Amino acid sequence: MINPIKLVFCLALFAAVCALEVFLSKRRAWWPGLVLPGLWLAYTLLAAVCAVTGYAQAYGEPLPLTAELAVSLPLNLLLANIPTLLLLGLYALCRSRRRREKQMERMQVQDL
């Protein structure tokens with residue numbers, strides 16, 4: 001059973017991260033909006049590497065490459081990077097709106 005307090009906290013945290021992403025994406029410079037997706041991508045890749053090396057350290061042998069691992073590792077990476085894709089989608093949406101506003105300003109200046 002899901003703890004309702006944890007659920008509300010996670011949803012509030014996700015909403016705050018999305019609001020921060022929108023704020024960073026609307027900045028004049030293009031790179032601040034890519035910070036959060038980049039951090040999440042680095043976190044998931046680091047977690048995957050730590051999981052594989054942690055197995056090797058715990059059992060003293062490298063992780064055996066089986067068909068199950070070959071399917072589950074990329075699938076787990078894809079699922080873990082859903083927040084990265086959502087943040088990149090927010091970034092693209094905000095930047096496209098900013099680009100459109102910039103074009104409208106140029107057209108208004110040319111009309112004068």
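Student: How much space lies in the largest pocket?
Tutor: Rolling a probe the size of a water molecule over the atoms shows where empty space is left. Here, the largest pocket holds about 190 Å³. A pocket is an open set of points on a 1 Å grid over the protein atoms alone where a 1.4 Å probe fits, with protein on both sides within 12 Å along at least five of seven lines. The volume is the space filled by probe spheres set on the points, which are joined across faces, edges and corners. By the way, this is a predicted model: local features need pLDDT of at least 70, side-chain atom pairs count only at pLDDT 80 or more, and totals for chains, interfaces and linings use all residues. Residues are numbered from 1 along each chain as its sequence is written, and side-chain values use heavy atoms, leaving out hydrogens and water.

Student: Which helix gives the largest share of the lining?
Tutor: That's α1, with 4 residues; lining residues have an atom within 4 Å of a point. Helices are DSSP runs (H or I, at least four residues), numbered from the N terminus. The lining includes Phe-14 and Trp-40.

Student: Is Ser-25 buried or exposed?
Tutor: Ser-25 lies in helix α1 and counts as buried because its relative accessibility is 0%; buried means under 20% relative accessible area, with a 1.4 Å probe and protein chains only. Ser-25's side chain also reaches the backbone oxygen of Glu-21 at 2.8 Å.

Note on methods. Helix = DSSP H or I, 4+ residues; strand = E, 2+ residues; numbered from the N terminus. Buried < 20%, exposed > 50% of the residue type's maximum accessible area, 1.4 Å probe, protein only. Polar contact = N/O pair within 3.5 Å; in protein donor to acceptor, adjacent residues only side chain to side chain.
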